[in-house]
Amino acid sequence: MSGPKRVPAEAGTKPPTIADVARAAAVSPSTVSRALNREHRFYRSPSAARIREVAEAIGYAPNPVAANLRRQQTNTIGVLVPRLTDTVMAMLYEEIADASLKRGYHTLVATTHDEPGRERESGEVLLQRRVDGLILTTARTDGGYCADLTNKDVPHVLALRSYGDSAAVVGDDQLGGYLATRHLIDLGHRRIALIAGPGYASSALGRRAGYEEALREAGLPVDERLILPSTFSMESGEQAGQHLLALSPRPSAAFAVNDNTAIGVLAAVQRAGLRVPEDLSLVGYNDIPLASRLPMPLTTVRVPFDAIAKAAVDKLIDLIAGATGDACHPFAPTLIPRRTTVRAPACGDSD
């Protein structure tokens with residue numbers, strides 16, 4: 001009995017990808033990957049045979065880079081981070097390197113400055129160095145390089161951020177945003193600003209969702225005038241702080257979606273001749289080492305970077321071995337109250 005007739009790609013069109021096979025076979029990309037992987041036990045199943053028939057019918061050809069990754073392991077993991085001058089990224093990379101070493105792997109790191117073109121370029125350089133797989137802290141809501149890796153069947157795991165079907169190990173950002181905002185609400189604050197971070201990062205979007213959830217739960221409006229976009233830098237936090245201090249009426253509290261932007265807000269408050277927490281209660285996020293050592297120790301939300309790093313490394317090694325990796329694994333954060341938050345003044349604005 002002959003198999004399905006192969007349909008050649010039209011001239012000038014892109015060759016079919018793993019994602020195309022998945023759509024045609026009505027399965028996930030990771031299931032297609034297992035069906036094409038001779039070393040995986042799923043390969044010998046009738047379902048896998050059917051998926052390979054679909055792949056052949058639409059003209060799919062396996063990516064040679066991905067095949068080489070599996071056949072010629074180097075026990076090396078590539079790691080993409082926005083920048084190592086960011087304390088969070090430096091902390092996470094060190095944890096990833098330690099966790100990798102305990103599993104017999106070494107790491108290579110490359111920076112992207114959160115620029116899609118540079119992310120793709122740096123990732124390809126790491127793949128050319130024959131890393132066995134990639135851990136990315138650089139995922140964007142538009143997919144970008146993550147979508148490329150999925151289509152090419154390259155083993156990869158996302159850390160701190162998530163996207164689509166890619167395996168991801170993250171903090172529970174919505175819960176963290178909720179905890180930070182609920183803390184301020186419980187202290188009597190009603191006008192609470194959000195330094196929201198960049199819209200391309202799922203982590204920032206999750207923390208914003210938690211902020212809005214806490215406000216709605218308390219019967220407070222979500223006021224778009226109090227939500228200020230930013231990057232994850234101190235400079236951006238200072239600019240956002242200057243803006244929120246110019247609002248009338250001024251908010252009595254603010255939640256910044258990372259500690260760097262919170263430190264920038266602290267600087268803006270000081271430059272304005274005001275005081276934290278008397279004039280503005282402030283919560284950060286991540287609990288970097290500096291947060292507890294500031295002259296005014298920062299109330300923040302602690303993220304378990306060690307657990308996230310270990311889980312990301314373990315998941316990537318499983319993927320390299322041919323296991324499935326669809327799940328997004330969230331770790332619960334913890335609110336750490338310190339001296340930058342106090343009860344709202346009884347005479348403060350409560351509209």
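**Cores and helix H9**

The largest nonpolar core in this predicted model has 73 residues. Within this core, the residues with the most contacts are Leu92, Ile135, Tyr211, Leu244, Phe255 and Leu282. Helix H12, spanning residues 305–320, gives the most to this core, with ten residues.

Leaving aside residues up to four places away in sequence, leucine 244 touches Ala193, Ile195, Leu228, Arg250, Pro251, Ala254 and Leu280.

Tyr211, also listed among the core residues with the most contacts, is one of the buried residues of helix H9. H9 runs over residues 202–217, 16 residues in total, and its first and last C-alpha atoms are 22 Å apart, close to the 22 Å expected at 1.5 Å a residue. After H9 comes glycine 219, with a positive phi near 75 degrees.

Serine 202 belongs to H9. Is this serine buried or exposed? Serine 202 counts as buried because its relative accessible area is 17%, under the 20% cut-off. Not counting residues up to four places away in sequence, serine 202 touches Thr141, Arg161 and Ser162. With serine 162 there is also a polar contact: a polar atom of the serine 202 side chain lies 2.8 Å from the backbone nitrogen of serine 162.

Conventions
Residues numbered from 1 in each chain as written. Predicted model: local features only at pLDDT ≥ 70, side-chain atom pairs only at ≥ 80, totals over all residues. Heavy atoms only, no water. Core = buried A, V, L, I, M, F, W, Y, C linked by side-chain atoms within 4.5 Å. Buried < 20%, exposed > 50% of the residue type's maximum accessible area, 1.4 Å probe, protein only. Helix = DSSP H or I, 4+ residues; strand = E, 2+ residues; numbered from the N terminus. Contact = heavy atoms within 4.5 Å. Expected span 1.5 Å × (residues − 1). Polar contact = N/O pair within 3.5 Å; in protein donor to acceptor, adjacent residues only side chain to side chain.
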